[in-house]
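Okay, thanks for coming, everyone. Let me put the structure up and we'll walk through it.

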Amino acid sequence: LYNLPRSLKTQGSRALGRLAFCDNYQRIMARLRRDIALASHPDAMYQTVNHTGLAPRDNVPRIYVIGCASGGASGYLADLGYALRRTCEVLRQSEATVTTFLLCGAPDDPATPRAEQANIYATLTELNHFADPTIPFSAQYSADGPRVNSDGAAFDSTYLLSFNHRTPEGRATTMAHLGSYLFHELTTPLGLRLEKIRQSVTPAECLPCRSLGTYGIWFPRGLLLRLAAQKACRQVVEDWQAIGEPTARMEVEAAQARVLADP
């Protein structure tokens, strides 16, 4: 506590990050309960469907935590994951999934400070420690507050994202990649497919870290339409000019009968 910086920021200290979580635990829990209850309320879902035109997958909330494994806020990642799980249980949403996306900076870049590398190592070690089903999580956030206990991993899925280089451009590229991935997972059929893949994987007795990769395919819509129209017209003209008996005489006679029978 004597090393608290005058800026009142963690400045990369995981211990100060967890201290901030402990000091604001009650307010954080109240905010989480309010936001999850609002997001999963039937009226909110109805309004979302009307505004977006997207059909809801189901009424189970999906929670995404975007954090940084190399900064001071990583000190309360496990606490936040278990707090979200307890909040969902209180709201009778125990089937809700909690996924985290952790930015790991550029560990392979020589310019990365050793303190950030140490934070990444400590964060992943801590999450992996509590992912062991035989090790429970226990915490007490105030002297007179209740002791909370949880079992299992803090997050259902943990995605790790790193930069190629420790530059603003590298960070912007990774953030844009993450934003595109989340957009497609939440608003396209990709999300359903990813859920099935995640559920089919047997959970191991260690932290199941994941990565993500996407690529785009560009289709020249106008050119494709012109080529398709030319091919269709050529096919029709070739069929008209074909020599020999029709290959679908019964269908032709049935079509003629329908037309002639129409008053």
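So, which residue in β5 does Leu102 stand opposite? Leu102 stands opposite Leu160.

Quick ground rules. This is a predicted model, where local features need pLDDT of at least 70 and side-chain atom pairs count only at pLDDT 80 or more, while totals for chains, interfaces and linings use all residues. Residues are numbered from 1 along each chain as its sequence is written, and side-chain values use heavy atoms, with hydrogens and water left out.

Helices (H or I, at least four residues) and strands (E, at least two) are DSSP runs, numbered from the N terminus. Strands pair if DSSP finds at least two bridges between them. β2 runs parallel to β5, residues 157-161, with 5 bridges joining them. β2 also pairs with β1, again in the parallel sense, over 7 bridges; Ile63 has Val98 in β2 as its bridge partner. Going from β1 to β2, the chain crosses through α4, and this β-α-β crossover is right-handed: strands pointing away from the viewer, the path from the first strand over the helix to the second runs clockwise.

Of the 7 residues in β2, 6 are buried, meaning under 20% relative accessible area with a 1.4 Å probe, protein chains only.

Now the cores: sets of buried Ala, Val, Leu, Ile, Met, Phe, Trp, Tyr and Cys residues joined through side-chain atoms within 4.5 Å. The largest has 31 residues, and Val65, Leu84, Tyr141 and Phe155 have the most contacts inside it. α4 gives the largest share, 7 residues. A second, separate core of 9 residues includes Phe101 and Leu178.

Conventions: Buried < 20%, exposed > 50% of the residue type's maximum accessible area, 1.4 Å probe, protein only.
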